[in-house]
Amino acid sequence: ILDVSIIALLAALANVRLPYAYIDDETQLGRIRSDKEGKPLTLISSYPVATTFGIFDGCALIDPDYAEEEACSSLVTPLCDSTGKLYGCHKPGGSPLPIPMLQQLLDAATHRAKSIQQLLESVNEIK
């Protein structure tokens, strides 16, 4: 759920338009002009994407469902962007992961982040 929630949040933020607001000189109150089109919200250039992996018998399952999560010895959710920048990592207990496996998971998460970013950008170009 975390993975898709973050993607939905990014898609929603990419479509936000901020209204044109100004201070009225006479009343000193904030006003919004309805005759001007709003400005798009400026987002970061790269989207952080969460990718959950379940570890089962030494193998990594990407985006495991509830039953698969229950069978896994460990879960890990890195949050990274298409450049490989790691924003955070959630690992709620479970067995420790060897560094080489963790690096493979980060590489796979980066690849997925590139795909998701391309998808979000192509959807926004259509609108």
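Ile 116 is in contact with Ile 7 and Val 49, when neighbours within four places in sequence are left aside. These three residues belong to the largest nonpolar core of this predicted model.

**Nonpolar cores**
- Nine residues make up the largest nonpolar core: Ile 6, Ile 7, Leu 10, Tyr 47, Val 49, Ala 50, Ala 113, Ile 116 and Leu 120.
- At least two residues of this core come from each of α1 (2-14), β5 and α3 (99-126).
- Another core, of eight residues, lies apart from the largest one, and Ile 55, Met 101, Leu 105 and Ala 109 are among its members.

**Thr 51**
- Thr 51 is found in the loop that runs between β5 (49-50) and β6 (53-56).
- Thr 51 has a relative accessible area of 0%, and because buried means under 20%, this residue counts as buried.
- A polar contact of 3.1 Å joins the side chain of Thr 51 to the side chain of Arg 112.
- Beyond four places in sequence, Thr 51 touches several residues, including Asp 3, Ile 62, Val 76 and Ala 109.

**The largest pocket**
- The volume of the largest pocket is about 230 Å³.
- Its lining includes Ile 1, Leu 2, Asp 3, Val 4, Thr 52, Asp 63, His 90 and Pro 92.
- Two or more lining residues are given by each of α1 and β8 (74-80).
- With three residues, α1 gives the most to the lining of the largest pocket.
- By residue type, the lining of the largest pocket holds six nonpolar, three polar and three charged residues.

Terms used. Residues numbered from 1 in each chain as written. Predicted model: local features only at pLDDT ≥ 70, side-chain atom pairs only at ≥ 80, totals over all residues. Heavy atoms only, no water. Helix = DSSP H or I, 4+ residues; strand = E, 2+ residues; numbered from the N terminus. Buried < 20%, exposed > 50% of the residue type's maximum accessible area, 1.4 Å probe, protein only. Polar contact = N/O pair within 3.5 Å; in protein donor to acceptor, adjacent residues only side chain to side chain. Contact = heavy atoms within 4.5 Å. Core = buried A, V, L, I, M, F, W, Y, C linked by side-chain atoms within 4.5 Å. 1 Å grid on protein atoms, 1.4 Å probe; cavity = no way out; pocket = protein on both sides within 12 Å on 5 of 7 lines; lining within 4 Å. Points joined across faces, edges and corners; volume = space filled by probe spheres on them. Nonpolar A, V, L, I, M, F, W, Y, C, P; charged D, E, K, R; others polar.
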